[in-house]
Amino acid sequence: MYAAFTVYPIFRQFDISFFTWHIFPGATSPFVGWSNYSFILHDPVIRTAAFNSLLYVVITVPVQMALGLFAAAILTDRLPGATFWRALIFIPVITSWVIVSYIFAYIFSAGDGLANSFLSLFAGHAVRIDWLAQTWTGNAVIWLLGIWKGVGWSFIIFLAALDGVPREIVEAGRVDGASERRLWRTVIIPSLRSSIVFVLVLLVIGAAGVFQQVYLMTAGGPYNSTQVLFTYAYQQAFQFLNFSYAASIASLFAVVLFSFSVVEIQVLRRHEN
Amino acid sequence: MSRSAAATAVPPGLFGIRRRSKTRLVIALIFAAVSVLPLLYMVSLSFQPTGDIAINEAGMIPTHPVVGNYISAWTENSFGHYFFNSLVVSLAAVALTLAFSSLAAFAFARYKFPLKEVIFYLFLASLAVPSLELIIPQFLLMDRLRLLDSLTGLVLIYSTSNLPFSIFLLRGFFEGVPREYEESFRLDGAGTLRVLTRLIMPLSLPAVSAVAMFTFNFAWDEYPIALTLINSPSHRTLPIGLALFIGAHTTAWGPFMAGSVIATVPLVIVYFVSQRWFRSGISLGGIR
C-alpha cells in the first residue's frame with residue numbers, strides 16, 4: 001500500500017517531468033527530455049517563488065524554534081496551572097489551516113481590520129494598511145501565521161526533551177556559581193542536541209513545503225509576488241494543466257530538499273563529536 | 001502510569017521550584033493568550049451578524065449576540081453532510097493507519113528479515129517529502145484506479161501519508177515492551193495478532209493515542225488534496241465546505257465563523273482526550 005501510494009508516485013513524478021504530459025485520454029504525450037527543466041532556469045516567476053519559499057524557511061524556522069524553546073523553558077518547572085498553559089500553547093497546532101488562514105486574513109483586512117485598529121491606537125492616527133494586497137506586508141502575514149501555528153509543535157517537543165536534562169548537573173553548576181547563560185551553553189543546550197536536530201530538520205521540510213496559507217490568503221498575488229514554489233507548481237498543474245512542468249518543479253525541489261536534509265543531519269551530527 | 005509519574009516527578013527543577021515563578025507565570029500567560037486570542041475572536045465573531053463583520057463593525061465581544069449564524073452554517077451548503085463525510089474519512093484513516101502501522105512496527109520491532117534497517121530508513125526518508133509534493137502523481141494514480149472523486153481515495157492517501165511517522169513512533173514503543181510478557185502471553189495460547197492487539201498495543205497507549213490524534217487531525221484538516229481529488233458536491237469534506245463560505249465578491253462571514261467553531265470542536269475534544277498520554281508518547285518515542 002505504501003509502495004503504491006508513495007514510492008510509485010515518486011518515480012512517476014520524475015517520469016512525467018520528461019514529457020509534455022496531457023491528462024486527456026487518447027492524447028499523445030511527446031517525450032521532451034530535459035526541456036521542462038531548462039525552462040525552469042528561465043522562468044522569472046520561479047525565481048520569485050523559490051526566493052519566497054527560502055525566505056519563509058529562513059525567517060519562520062529560527063523564530064519558531066527560539067519561541068518554542070523559550071516557552072518550554074518557562075513551563076518546564078512547576079507553575080500554577082502549568083498543564084492548562086501547555087494545552088493552550090499547543091492549540092494553534094491542531095487548528096485547521098483553512099479556518100486560521102481566513103481568520104488571519106480577516107484580522108489583517110484592509111480598512112478597519114483588527115490589526116489596523118490596533119496599530120491606530122499607537123500611531124495616533126488611523127492606520128489603513130491593505131496587508132494582503134502588497135508584497136511585503138502580505139509576506140509578513142504569511143510568516144506570522146506560520147509562526148503562530150508552528151510554535152506549539154517545537155514547544156511540546158522541547159518540553160519533553162527538557163525533562164531529560166540532567167538536573168543534578170545544573171544544580172551543582174548553580175551551587176558552584178555558574179551563570180545561567182553559561183549553564184544553558186554548557187549543559188542544557190548540549191543535552192537537547194538530538195531534539196534540536198529533529199525539530200530543525202522537520203521544520204525546514206515543513207516550511208519549504210509552505211502552501212496552504214499562501215494559497216488561501218493571497219493566492220500568490222499581487223502579480224505573483226507572494227508566490228511560493230508549491231502554490232506556483234499547483235497553479236501550473238491544476239489551473240493551466242501544465243502537469244509536466246509542475247512535476248519538474250516538484251522533482252527538482254524534492255532532490256534539493258532531500259540533499260539539504262542529509263547534509264543538515266551530517267553537519268549537525270559531526271558537531272556532536 | 002509509572003512512566004508519566006517518573007516524568008512529572010522531577011522536583012529540583014531546571015530553575016529551582018520557586019525561581020522567578022512570577023515572571024514565568026506572566027510570560028506563560030502571554031504565550032497562552034497569543035495562542036488562543038485569534039480563536040476566541042472567531043468564537044466572538046460567530047455570534048455577530050455577517051453585515052457587521054463585513055464592514056468591520058463587529059466588536060471583540062458581541063453586544064447583541066445572535067445564534068442565527070449557527071443555524072445557517074449547519075443548514076446552508078449541506079454543511080452537515082460535509083461534516084459527516086469528514087468524520088467518516090478521518091475515522092477510517094485512523095483505523096487504517098493504526099492497523100498498518102502497528103503491523104509494520106511490530107515486524108520491525110520483533111522480527112529479523114533481510115534489509116530490515118534499509119527498509120526502515122526508506123520509510124524515514126519519506127518524511128523528508130512535504131505532503132503536497134506528490135499531489136500530481138497521486139492525482140494521476142487515483143485517476144487510473146478510478147478513485148478520483150471518492151472518499152475511499154482520500155482515506156488511502158491520508159493513511160499512507162501518516163504511515164512513516166506512525167511506524168517510527170510505534171516501533172520505539174513496541175521495542176520497549178519486555179519479551180517475557182510476550183512469552184507468557186503466548187504460553188497461554190495467544191497467537192501473534194492477539195499478542196499485538198491485546199498486549200503490545202495497550203502497553204503502548206501513549207504512542208497509539210499520539211498516532212490516532214495526529215492522523216485524525218491531519219485527515220480532518222486536510223484541504224489541498226481533497227480540493228484536487230474531490231469534484232462532486234456530495235463528496236466534499238469539511239475544509240472544502242468551509243472555504244465555500246468565502247466568496248470572491250460576497251463572503252458569508254457569520255456562517256463561516258460559526259462553521260469554523262463547529263469544525264474545531266471535534267479537534268479540541270480529540271486533543272484533550274489524547275493529551276494525557278500524548279506528551280509521554282512523544283518523549284519516549286525515541287525523539288529525544
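This is a predicted model: local features need pLDDT of at least 70, side-chain atom pairs count only at pLDDT 80 or more; totals for chains, interfaces and linings use all residues.
Select helix 1 (residues 2-8) of chain B: its mean pLDDT of 40 is the lowest among the elements of that chain. Now jump to helix 5 (residues 79-110) of chain B, where the mean is the highest, at 91.

Then select residues 284-288 of chain B. The pLDDT stays under 50 there too, with 18 contacts beyond four places in sequence. For chain B as a whole, the average pLDDT is 82, and 89% of the residues score at least 70.

Next, show both chains. The complex carries an ipTM of 0.84 and a pTM of 0.85 from the predictor. Select the interface: 71 residues of chain A are in contact with 59 residues of chain B. On the chain B side, pick out the helices that each supply at least two residues, among them helix 8 (151-175), helix 11 (205-221) and helix 14 (253-287). Then highlight helix 2 of chain B, which gives the most to this side, with 13 residues. Colour the chain B side by residue class: 41 are nonpolar, 13 polar and 5 charged.

Cartoon view shows 13 helices and 0 strands. Of the 273 residues of chain A, 43% count as buried.

Note on methods: Residues are numbered from 1 along each chain as its sequence is written. Chains are lettered from A and ligands numbered from 1 in the order in which they are written. Two residues are in contact if their C-beta atoms, placed from the backbone, lie within 7 Å. Helices (H or I, at least four residues) and strands (E, at least two) are DSSP runs, numbered from the N terminus. Ala, Val, Leu, Ile, Met, Phe, Trp, Tyr, Cys and Pro count as nonpolar, Asp, Glu, Lys and Arg as charged, and the others, Gly among them, as polar. pLDDT is the predictor's confidence in each residue, from 0 to 100. A residue is buried if 20 or more other C-beta atoms lie within 10 Å of its own, exposed if 12 or fewer, and partly exposed in between; C-beta atoms are placed from the backbone.
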